[in-house]
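Me: I would like to learn how to read aromatic rings in a model. Can we work through one case?

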Amino acid sequence: MTDKTTENATIEVDGAQFTTVTEGLATILVPQGAKVGEDRGEVQQVFYNPIQQYNRDLSVLAIKAYGEEALEKRKTRKQTKDAKHGKKRKRGDENGTAVEAAEKTEQLEQPAPQPGSEPAQEDQSAANPTKPAFKMLDALSASGLRALRYARELPFVTSITANDLSASAAKSIKQNVKHNNVEDIVSVTNGDALAVMYRTIADSLANGESNKSWKKSSKFDVIDLDPYGTAAPFFDAAVQAVRDDGGLLCITCTDSAVWAGHAYCEKAFSLYGGTPIHGMHSHEAGLRLIINAVATSAARYGLTIEPQLSLSIDFYTKVFIRITKSPQAVKFLGSKTMIVHSCDSGCGAWETQYLMRAKAVPNKKGNGAYYKYGMALGAADQLCKHCGTKMHVNGPMYGGQIHSREFIERLLKQIPEADKSVYGTLPRLEGMLQNALEELIPGPEETAPVERRDKEYAKIDHYPFFVIPGKLASTVSCATPGDDMFRGALKHLGYVAGRSHCRPGSIKTDAPWSTIWWIMSEWIRQKAPIKTSKFKQHTASWRLLKNIGLLKDEAEASAEAANGQDDVKMEGVEGEVKETEKESAGQPVTDDKKPVTEEDLRKTLVFNDDLARLGREGKAQNLVRYQMNPRENWGPLTKAKSN
């Protein structure tokens, strides 16, 4: 990561000495001698973590991509509304005087600001009528750097509320706002973030707003929650205080020991309503726990969520979620919520179980279909079907897609045009976004004639989580197959093989675990023979190798030894056979033009250079896909000292 944070010379402001720290187009003032940025165990007096520049760069570009689309949609809605009014004028009033009078009356009847409400958040758009209102809340602002960057780098923002509970932090934010010359955009409040958001909700109710009153909404277009630790206490207020016609929540949670660890299950459940996963995919499970907590908070108010981008970064998560009023979509939440059965102390396999099902059934007229909701059938056993180890239950967590392809593609289009002197983390940002795109594996399409909107609501992620060849190899104590080799084997068998942004060396695939372990058995047979006598009976690795045909029990081993057979060179076994639904490009077909089966492809699987080249096909080169340690002693740093 290129660090574009700069520290400038000491300056004097209002008789006090400050050091300036510049990031992007914004500058914050740090009192002379204050501890900031570099943590050595001391308590910081001004909280600033340069490692999270990636978080702030990503937030600015993501909100830019979101805001441009949201404002364009509003412009289209306004044009449509104006066109309808024009037709009414022609039909009902030749001169249009009645309509004009009604519009003037509507303007005069605008409710006055409520006592205690935030300072004139509509003033900027009122001063510039050609610029539509775009309001943001930086709920836990600290130094105000995030709000300052939004004000300086987002061309369409008209009002930002920067709030912090600390009086000294609020004073510092005001100094920084003045120093950056953004007093016309950023207003500073000193209070509880919950109070700020609930007051906004109260103003909205007092004004009689509804989902249709988008033009004069007092709610925020974007709310950014970036606390020190968990953002869970703010979910309920945030989903209500953001606009319900597609407003955006930007959420950071830095308590990775809770949502990605297994030592604080009780804490994870109390904060996020589910238990985390112990295993290589714990960080993706953490993302899904956080998203599910937001979804359940929103559902109580008839609001549905649409995750746009969900990333596990360093020691924190960053999720961008749209909020929309849709009681119909809320009905699908149960069928998009899953628990996970994990073989975390055995081979690492998992199995998902959704809490409800949404099934498309024909309507009475027979000319369409609708979704019917019901309880889901139980699917998992207490023991892992691959290695016989006890399974643990994790969740519930969100089981839908955690990214939007359209949103990520809009973000990626901005990167070539972005100023590298402003956004210092662009190379890593591009690599991580490309990884996120590879996680979007399409599932089976709904063929019933249901409404397209309901099909979108009902979509789930059929292939969550990922595998890591190195972890698979360590389970059975063999040499590790290369990532390209393993991806090539999956592609040879007709499966998708991408990456996950969560872990280096990860492979995201739609292949079942039975196929994954069969590939490992073939790898052992062809390239990495094992000494079977070193495995103790009835251990997880012994049972796994026995199930895939590479080990025998004592009776079988004695019989083979008596016949002089070598227990190291074991043959692979036939697994489940999957018919391909249609011919895949580049795959062989039989003489009668029928698609080949997975069984046919297994017979031709050879671990060689050609297979590795197949695994590299479509791989974008020279991308910084994963974080490298940017500096010594990097991490979340200590919380700022409160005066």
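Me: Is Phe332 buried or exposed, and why?

Reply: Buried means under 20% relative accessible area, exposed over 50%, partly exposed in between (1.4 Å probe, protein chains only). Phe332 has 0% relative accessibility, so Phe332 counts as buried.

Me: What should I know about the model?

Reply: It is predicted: local features need pLDDT of at least 70, side-chain atom pairs count only at pLDDT 80 or more, and totals for chains, interfaces and linings use all residues. Residues are numbered from 1 along each chain as its sequence is written, and side-chain values use heavy atoms, with hydrogens and water left out.

Me: How is a ring pair described?

Reply: By the distance of the centres and the angle of the planes. Rings of Phe, Tyr and Trp (its six-membered ring) pair if their centres lie within 6.5 Å; planes under 30 degrees apart count as stacked, over 60 as edge-to-face and the rest as tilted. The count here comes to eleven aromatic pairs. One of them, Phe332 with Tyr371, is edge-to-face, at 5.3 Å centre to centre and 80° between the planes.

Me: Which parts does the pair of Phe332 and Tyr371 tie together?

Reply: Phe332 lies in the loop between helix H11 (327-330) and strand S11 (337-342), and Tyr371 in strand S14 (residues 369-375), so the pair ties together parts 39 residues apart in sequence. Helices (H or I, at least four residues) and strands (E, at least two) are DSSP runs, numbered from the N terminus. Tyr371 counts as buried because its relative accessibility is 8%.

Me: How are the rings of Phe332 and Tyr457 arranged?

Reply: Their centres are 6.1 Å apart and their planes at 50°, so this pair is tilted. Ring pairs link Phe332, Tyr371, Tyr373 and Tyr457 into a cluster.
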